[in-house]
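Here are my notes on the aromatic side chains, as you asked. Have the model open while you read.

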Amino acid sequence: MRTNKSRVGTRAAPKKSASKPAAPKQKLSKLPINTVINGDSIEALSKLPDASVDLIFADPPYNLQLEGELLRPNNTRVDGVDQEWDQFASFAEYDKFTHAWLAEANRVLKPTGTLWVIGSYHNIFRVGVSLQDIGFWVLNDIVWRKSNPMPNFRGRRFTNAHETMIWASKDRNAKGYTFNYDAMKALNDDLQMRSDWVLPICSGGERLKDDQGQKAHPTQKPESLLHRVILASSNPGDVVLDPFFGTGTTGAVAKKLGRKFVGIERDAQYAEIAKQRINRVQHADPESLQVTESKRAQPRVPFGTLVERGMIEPGTVLYGPGKRHKARVRADGSLAVTGATGSIHKMGAHVQGQEACNGWTFWHLKSDAGLTPIDVLRQKIRAEAS
């Protein structure tokens with residue numbers, strides 16, 4: 001990740017003849033699925049079809065340069081990011097680059113798609129401005145708090161222990177984007193997932209090495225981070241695009257989770273490492289790739305449907321927990337209690353003296369086995385529709 005760093009403005013463009021205007025760029029008629037494109041990120045993005053990808057994860061250059069040599073307390077040298085792809089002559093140059101790739105990203109994103117972009121304090125605020133200027137709508141900013149950050153060896157600042165991710169929809173009016181809320185809750189032991197994620201940096205056996213045993217890439221992201229991003233905001237079969245593919249963490253995790261991918265990587269060596277890495281990945285069977293479905297995604301079933309289909313007859317008595325309350329079902333699917341009538345939800349709230357109530361879990365049918373929530377019948381109808 002964070003390679004294939006196309007840079008705008010680093011070299012003067014050749015003068016074009018006034019009599020020969022530049023030919024328009026030819027877009028691909030079909031998205032190159034499960035492919036690593038070895039080329040300039042902005043140029044490659046400009047050739048992809050409009051509205052063709054479901055999710056973008058971008059780890060652009062941070063414009064991060066260490067000032068001079070940095071040594072650890074034991075006098076060993078700290079490997080900073082000093083590659084040419086991470087160097088920009090000025091903030092204006094970086095902003096021009098950022099606006100260019102984000103504009104193309106917005107174009108190739110489906111109306112229901114979302115974008116994730118990760119950065120540090122060096123660049124994320126500038127990226128955020130460009131992102132909003134283009135028209136993206138910020139849904140969340142996520143703080144990735146590193147459980148094992150690199151220490152601050154100079155001792156002049158706080159230890160840099162986090163990076164920031166911006167999650168955004170294509171525009172402020174976007175509808176139907178994927179957020180697997182209940183899957184994130186299940187991943188977090190049935191607690192609502194927060195916007196601060198504590199995950200380790202890439203290390204140990206996950207860290208890719210070159211033939212000399214050195215880091216294959218200086219800023220390789222951990223698969224755990226991409227697992228959470230892709231699981232939260234896409235579905236099996238969706239297309240995940242990474243315009244700064246590096247050694248292919250996004251592609252490897254996408255394949256593992258049953259998604260398709262498109263990667264763009266300028267450095268041929270990184271691109272080859274990514275291809276070999278992804279070829280080794282096996283994805284689980286379709287059943288294992290299913291996640292906890294959001295209740296909002298399930299088809300709506302009015303209580304009256306149960307009455308229409310004869311699953312509950314008019315005149316049936318429903319009971320609250322412990323039989324402390326009861327109501328009679330009417331032919332139109334409403335309930336009648338002493339002195340009031342209304343929906344299963346309104347009558348559940350009424351008998352309890354509350355403002356709101358989930359009638360599906362409050363009201364029960366009486367049987368020889370005891371009390372059964374009416375929601376069991378709703379789930380039968382949903383199962384038939386799936």
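This is a predicted model: local features need pLDDT of at least 70, side-chain atom pairs count only at pLDDT 80 or more; totals for chains, interfaces and linings use all residues.

1. Residues are numbered from 1 along each chain as its sequence is written, and side-chain values use heavy atoms, with hydrogens and water left out.

2. There are eleven aromatic pairs in the structure. Rings of Phe, Tyr and Trp (its six-membered ring) pair if their centres lie within 6.5 Å; planes under 30 degrees apart are stacked, over 60 edge-to-face, the rest tilted. Take Trp167 and Phe179: their planes are at 50° with the centres 5.5 Å apart, so this pair is tilted. It links parts twelve residues apart in sequence, because Trp167 is in strand E5 (residues 162-169) and Phe179 in the loop between E5 and helix H4 (181-187). (Helices, H or I, of at least four residues and strands, E, of at least two are DSSP runs, numbered from the N terminus.)

3. Is Trp167 buried or exposed? Buried, at a relative accessible area of 4%, while Phe179 is partly exposed at 37%. (Buried is under 20%, exposed over 50%, partly exposed in between; 1.4 Å probe, protein chains only.)

4. Phe179 also pairs edge-to-face with Tyr181, at 6.2 Å centre to centre and 65° between the planes. Tyr181 is partly exposed, with 28% relative accessibility. One aromatic cluster is made up of Trp116, Trp167, Tyr177, Phe179, Tyr181 and Trp197.

5. Now the lysines: the charged end of Lys146 sits over the Trp144 ring, 5.2 Å from its centre, and Lys323 lies over the face of Tyr319, 5.9 Å from the ring centre. (The cut-offs: NZ of Lys or CZ of Arg within 6 Å of the ring centre and within 35 degrees of the ring normal.)
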